[in-house]
Each structure stands twice: as structure tokens, then as C-alpha cells.
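Student: I have a protein model open and want to learn to read it. Where do we start?

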Amino acid sequence: MSDKKIIAVFGATGAQGGGLARAIAADSSGGFVARAITRHPHSDKAEALAAEGIQVVAGDIDDASTLGAALEGAYGAFCVTNFWEHFSAEREGVQATNMARATKAAGVQHVIWSTLEDTRKWIPLDDTRMPTLHGHFKCPHFDSKGAVDAVFANEGAPTTYMMVAFYWDNLIHFGMGPRANEQGELVMALPLGGAKLPGIGAEDIGRCAYGIFKEGPSTIGQRIGIAGESLSGEDMAAKLGKAIGRPVHFFDVPFDTYRGLGFPGAEDLGNMFQFQQILGEEFQRYRDAARSRQLYSGLLDFDAWLAKHAATIPIG
């Protein structure tokens, strides 16, 4: 194992990083070994990774002084942030900057930065199609990541920029699954504005990231968007209904209505969905299922994901 290249994985107890760490560990004949970096190395999730033979080390992306030791000797690093943990675009920017600079200082040879578009490049703050949030953002959890791309380019180790799609797992964990209306019919409601929605199973994100590391330095400088499939809301509802054995209808929620629902992040998500609709085919091109399948041949489309997970989707 000493001749294997170390991939340091930030966010290893989360969806993206955890998927990558497990993908590396499952490939016993591969040329890489995972090192999970987490603030809480003795948490249940961290200990579950250790039980799979994955090295777990302490590192806090809020504290740059902890990152050098965590990255020592690493060939590669997977960098990811979690806006939804704290809802602060400013803090997310600091965390990403800390990782970028630490990878450069540690001499890492290949970084993947899990980023998103800075929507302000397409929708300026004075564009009234979407409300400006917190005075500085159109879509905070997109903008905060996209704004740091330049830091990775100028101050970080050689970087590939990976952009993810809508997690189908949101149907399980974040209340986006179907709910019964007053007539008892199941309705899946999302604000798509008639656009298709690129989606992916969360576990496949890490597997695609592993594919990028295996492709190697040829991907440095590239922007690679990943998705399992792009579907209309009506098609998603029809496939979901078939999987659970009950008809599911789709309701395309108006963007302003969704922004006004009042749950934490509703305005941000409403703007996110509207940004996708405004970009249309351009947004679709940035999340390419065919390219994703080159990275991971076992990539699930929505039907295959539902075959594994439909039974765990809460039906409201």
C-alpha cells in the first residue's frame, strides 16, 4: 500500500466526500488510497470510514493551521464545502480559500474543487428577474463557490473544477418527495419553469470524482459537470409513480411562490431553480451524463436510482 498515491478527502463524512472515500477503498487494485479529513475524527461517521480501512485524520477547514498536517504527503485532494451547515456564503468562501492555499503549500499535484456557477456572471445584481439576496448574491450557495474558482486557479494546487447536479437523494432527506393533495392524489412539486432538471444519485458523485483522479492531470483546468440524467418534472413524477406503484402528478411551482415558502434557504433555492431555467440548454451542457458515464461506467439513471431507493422516499 506504500506505493499507492494518497487522495486527501475533505468532507469525508458527507455525501460527496464519503462517496469518494468509499469508492477509493472499494478499488483494492487501484493506484490510490483515501485519507479522510474531518473535524470530528471520532464521530460515528468517521469511525464507520475507519472500519472500512480508510485512514481518518483531523482537519478543520475553518482553521487553516490544521490543514498542513492533514495534507502532508498527499498526491491529490478533494475539496468541498457545505453551505447548508451554516448558511453563510462568506464563511464558505473562507473555508474554500483555506483549502486552496493549503493544497498549494503542501505540494499536492491534483485537486478536485467541487464548485458551482457564480450566477452573477449571467444575472447581475441589478437584474430584476431574480431578487438579490443579502445584498451581494443572486444564489448564495452557488455564488460563494464560483467566486473561489479564481483562488484555486491562482493560489491553489493544479485543479479540476467539478460541478454537480440536483441530488435525487433530496427526495428522501429534504422533503422534496411527493405529497398528497386534498383529493388524496400524490403530487411532486418543484419550481422548474418548464426546464429539465439534471440530477444524480449522491453516492455517484464521489465515484465520478474518483474517475477524474484516475484520468489524471489531463483534466486539470477543465470544468466537468456531472449528472445521471436530465428529466422534465413530468417525467420525474411519472418514473417515481411507476417505482412506488401509485400515480404521481407534477406541479411546477412558480418561482416567487417557492421563494416565499419560508423554510431556511427557500429564497436561495428558488433563485437556483430559476437560474437553471434561465440558462436552459447552457445549464444542461454543463452537466453531461455521457461524460459522467465515462468517469464511472456504473452511473445510475433515475430509473436505476429509484429501483434502489424508492422504498425509502417518504410519501407525505
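Tutor: Start with the surface. Accessible areas come from the Shrake-Rupley method with a 1.4 Å probe; for residues, only the protein chains shown count as cover. Here the protein exposes about 13,600 Å². Carbon and sulfur atoms supply 52% of that area.

Student: What should I know about the model itself?

Tutor: This is a predicted model, where local features need pLDDT of at least 70, side-chain atom pairs count only at pLDDT 80 or more, and totals for chains, interfaces and linings use all residues. Residues are numbered from 1 along each chain as its sequence is written, and side-chain values use heavy atoms, with hydrogens and water left out.

Student: How many helices and strands does the protein have?

Tutor: Helices (H or I, at least four residues) and strands (E, at least two) are DSSP runs, numbered from the N terminus. This protein has 14 helices and 13 strands.

Student: What share of the residues is buried?

Tutor: Buried means under 20% relative accessible area, exposed over 50%, partly exposed in between (1.4 Å probe, protein chains only). Of the 316 residues, 53% are buried.

Student: And contacts?

Tutor: A contact means heavy atoms within 4.5 Å. Take the contacts between residues at least 6 apart in sequence: 76% of them join residues at least 24 apart.

Student: Let's do a sheet. What is the strand order around β9?

Tutor: Two strands pair if DSSP finds at least two bridges between them. The order is β8-β9-β13, an open sheet of 3 strands with mixed pairing. β8 and β13 stand at the edges with a single partner strand each, so one side of each has no neighbour in the sheet.

Student: Which way do the partners of β9 run?

Tutor: β8 (residues 179-180) runs antiparallel to β9, joined by 2 bridges. A180 stands opposite L186 there. The two strands form a hairpin with 5 residues between them, and G184 in the turn has a positive phi of about 85°. β13 (residues 248-252) pairs with β9 in the parallel sense over 5 bridges. On that side, V187 stands opposite H249.

Student: Is β9 mostly covered or uncovered?

Tutor: Covered. In β9 (residues 186-190), 4 of the 5 residues are buried.

Student: Finally, a single residue. Is F32 buried or exposed?

Tutor: F32 counts as buried, because its relative accessibility is 11%. F32 is found in β2 (residues 32-38). Beyond its neighbours within four places in sequence, its contacts include K4, I24, Y75 and F213.
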